[in-house]
Amino acid sequence: MIILVSGLSLFLISFAIHLILWRIKQPTNSVRVIIVIFICIPILCLTFFNLGYFDNLLNSYSIVLSLAEILHIHLFYITLSAIYLLVYLGLPEDSPSLFIIISLSNSLKNGLSIDELNELITDDIFLLPRVNFLIDEKLISLSNGKYILNPKGKTFLKTFLIIQKIYNLQNKAG
C-alpha cells in the first residue's frame, strides 16, 4: 500500500506544480519545463523525506523504506508520469481524426461533404504547426529553403527506429 500511496502522491505533487505553473504563465519551452518538473519532484521529495522535513506531517509514524520499496515507488511514479506526459504532449496537436470528428460534431446533423472537409484540412492546421514545433525544439532547421534534420533530430529518430525494431513495426514515413 505504501508504494501506491507514495507513487501516487509524488505524481499528484508533480501534477499540481505543473498545473499551478501553467495557470500562472505557460513557459515558452513547455516540454523541457514539464520534464524537469517530473524529474525533480521525486528527487526533492526523497531528499526532504530523508532529511526529516516530513516528520511533523507523519506524526509518530515511523516509515522506513527498503531499497526495493523505493525502487518500486519510483517505477510506479515513472510509469504514471510517462503516461501523463504522452497524453499531455499530444493534447496541443490537432489530430486529423479528432479534427474531423470535432468538425462533424460542429456541423450538427447537417454533416460535411468530402469537399467541405478538404477545405477545412489545410497545411496551416496540420503541417506548419508541426514543422514549427520541430524547429522550436531544434530537431530540424531551415537551410537554403530546405528543412534538414539536426543532430538532436537524428537522436530522436534513432530512438523511434529502435522502438520500431523491438516491436517489429513497419516504418511508414518518407
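## The largest pocket

The largest pocket has a volume of about 830 Å³. A pocket here is an open set of points on a 1 Å grid over the protein atoms alone, where a 1.4 Å probe fits, with protein on both sides within 12 Å along at least five of seven lines. Points are joined across faces, edges and corners, and the volume is the space filled by probe spheres set on them. Lining residues have an atom within 4 Å of a point. There are 22 of them, and V31, L89, F133, E137 and F156 are the closest to the pocket's centre.

This is a predicted model: local features need pLDDT of at least 70, side-chain atom pairs count only at pLDDT 80 or more, and totals for chains, interfaces and linings use all residues. Residues are numbered from 1 along each chain as its sequence is written, and side-chain values use heavy atoms, with hydrogens and water left out.

## What builds the lining

Four helices each supply at least two lining residues: α2 (30-50), α4 (67-90), α7 (123-136) and α8 (151-166). α4 gives the most, with 5 residues. Helices are DSSP runs of H or I with at least four residues, strands are E runs with at least two, and both are numbered from the N terminus.

Domain 1 (2-90) and domain 2 (97-166) each contribute at least three residues to the lining. These bounds come from an automatic or database domain assignment. By residue class, the lining holds 12 nonpolar, 5 polar and 5 charged residues. Nonpolar covers Ala, Val, Leu, Ile, Met, Phe, Trp, Tyr, Cys and Pro; charged covers Asp, Glu, Lys and Arg; the others, Gly among them, are polar.

β1 (140-143) and β2 (146-149) run antiparallel, joined by 4 bridges. Strands pair if DSSP finds at least two bridges between them. S143 stands opposite K146 in β2. The hairpin has 2 residues between its strands.

N144 sits in the loop between β1 and β2. Its phi is positive, about 55°, although N144 is not a glycine. N144 is exposed, at 77% relative accessibility. Exposed means over 50% relative accessible area, buried under 20%, and partly exposed in between (1.4 Å probe, protein chains only).

K138 lies in the loop between α7 and β1. K138 is not a glycine either, and its phi is near 65°. K138 is exposed, with a relative accessible area of 55%.

## Cysteines

The model has 0 disulfides, counted as pairs of cysteine sulfur atoms within 2.5 Å. C40 is partly exposed at 34% relative accessibility. C45 is buried at 15%.
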